Amino acid sequence: MNSQDNRNIFLTTPIYYVNGSPHIGHAYTSIVGDFLTRFYRQQGRKTYYLSGTDEHGQKIAQTAEKEGISPIELCDRNSALFRALGERLNIQFDDFIRTTEKRHKDYVVKMWERLVQNEWIYKGTYNGWYSVRDEAFYDESEIVDGKAPSGSPVEWKEEETYFFKLSAFTDTLLEWYEQYPGFVFPHGRFNELKSFVKGGLRDLSVSRCTFSWGIPIPDTNHVMYVWLDALFNYQSALDTPEKFKHFWTDAKVMHLVGKDIIRFHAVYWPTFLAALECTPDTLSVQAFNKACGHMQIVSHGWWLSNGEKMSKSLGNTVDPVELTEKYGLDYVRYFLLREPSFGSDANFTNENFASRITGELINNIGNLCQRTFTLAHKSCASTVPSVKVSHPLLEVNLEEEMKPFIEDFRLNQALEVVLTYASKANELVQESKPWALFKTGEQQKGEEAIFILLYAIYQIKEAIAPALPEFHARISNVFNNESFASGVKLNPLPKVFEQIATS
Ligand code: ME8
């Protein structure tokens, strides 16, 4: 995204499967999206942030059956857990859609009818491999040791199905990708995806008739393939003409996804959208430009546990609610944003967690706040001093300095910009020793140092607000919720950061 771009932003998380409770991977995606939307809002961009739950398909039906409850009971129970997690993590979703809602089901049926009308759907028989865990079809060439590339078990399927003419899109899609090099982040993953498409796309089975937990296809005994159903949540949630115009037609659309579901978002989704714009006879790159020229797929890596992906099915996950209860929300948000090089995998360990929080938040930013506010209360009458002073730290606009990093999704480096600035402010404390200045009667000089340090803290709490909303609120309260200026009265300082147990 470039700095001149002032369009509204529509940012989405994947809609999460409700076959289990949320884990740290889900929390991560939602927190990254929340960080980005808060940042864009801070920059004055109109932003709409959507999440929700993916509730149809064989996996959900099977899980419900195992638990001895109906699919909708399972969906109601687990969807509520995902919604509650969002609240617990202080995520500002503008909407939370469930695919079992009427608004969604009606919308998907309408889109299906348009695909039929545009001659993209035909009836046939599917013979091939399917993974229920991934809810995905795989080509023979992709099967390794009897398993899907994701490691999930596969089973052979032979059933009547409706096909979507995906194969017709191969060349046009590749041509469009070439014109739109920023479509998938990061670049390396985009290249992998292009190689997959270059291998030739096969028609996609988009209906199932061997179970019934899905959106019924009118006048048939089939239900919609769960990914066709799910992807359309990104439009069905924009359920008024105004919302659709502001946050789809006129907006920059950013789909935040884990790397495991890039293919669905960067191959299936744009082709479904392009297919709504044309027929097989009129297919062209223009159809893609019109339907998805404003869209970007932003993919992140996995959280690993001992080198393996954390997942519901492997049972090696960390519970984000427990973690937040143990350490507090800001620490969890900070660690998740700061530890990975965004786009790559990262390991979750208690040691990494404790060392980042202690070294970077408590000892650096926390210490700066504690020392500065204590002196401001003791020696500056709890007021931002009235002095005229110049200093390099006063020249910095941290938000602006972070911006290029955030625009390139280098989130860990964006946070490092704040840490480096905080370290410089701590150096100023060491060098100027304001407590000694006050003691030896050099009030003016002491006040100059405190003024600079208070400015630095103010910059830090604003710049880091999208990551640490609780810290931001605490420090804003010390500044009486006022803009930074001489004469602002300072409230008493609460504990900036709690120590954490390292064991
Ligand atoms: O795929 N590390 O839902 P899902 C990081 N319903 N992120 C992780 C993760 C991990 N170990 N595990 C999961 C689906 N995620 C579909 C999506 S969208 C139209 C339909 C995150 O419940 C990551 O964002 O399996 C991943 O893409 C998402 O959870 C998938 O969650």
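Contact here means heavy atoms within 4.5 Å, while helices (H or I, at least four residues) and strands (E, at least two) are DSSP runs numbered from the N terminus. The model is a predicted one, where local features need pLDDT of at least 70, side-chain atom pairs count only at pLDDT 80 or more, and totals for chains, interfaces and linings use all residues. Residues are numbered from 1 along each chain as its sequence is written, and side-chain values use heavy atoms, leaving out hydrogens and water.

Take the helix pair first. In α18, I457, I460, K461 and E462 meet F471, H472, I475 and S476 of α19. By class, that contact has four nonpolar, two polar and two charged residues (Ala, Val, Leu, Ile, Met, Phe, Trp, Tyr, Cys and Pro count as nonpolar, Asp, Glu, Lys and Arg as charged, and the others, Gly among them, as polar).

Now for the ligand. It is surrounded by 25 residues, and I15, T29, D54, W303 and M310 are the closest (a residue is near if one of its heavy atoms lies within 4 Å). This shell splits into 12 nonpolar, nine polar and four charged residues. At least two shell residues come from each of β2 (16–17), α1 (24–42), α7 (226–231) and α8 (233–236).

A polar backbone atom of I15 sits 2.8 Å from a ligand nitrogen, and a backbone N or O atom of M310 lies 2.9 Å from a nitrogen of the ligand. The side chain of T29 has an N or O atom 2.7 Å from a ligand oxygen.

Methods:
Polar contact = N/O pair within 3.5 Å; in protein donor to acceptor, adjacent residues only side chain to side chain.
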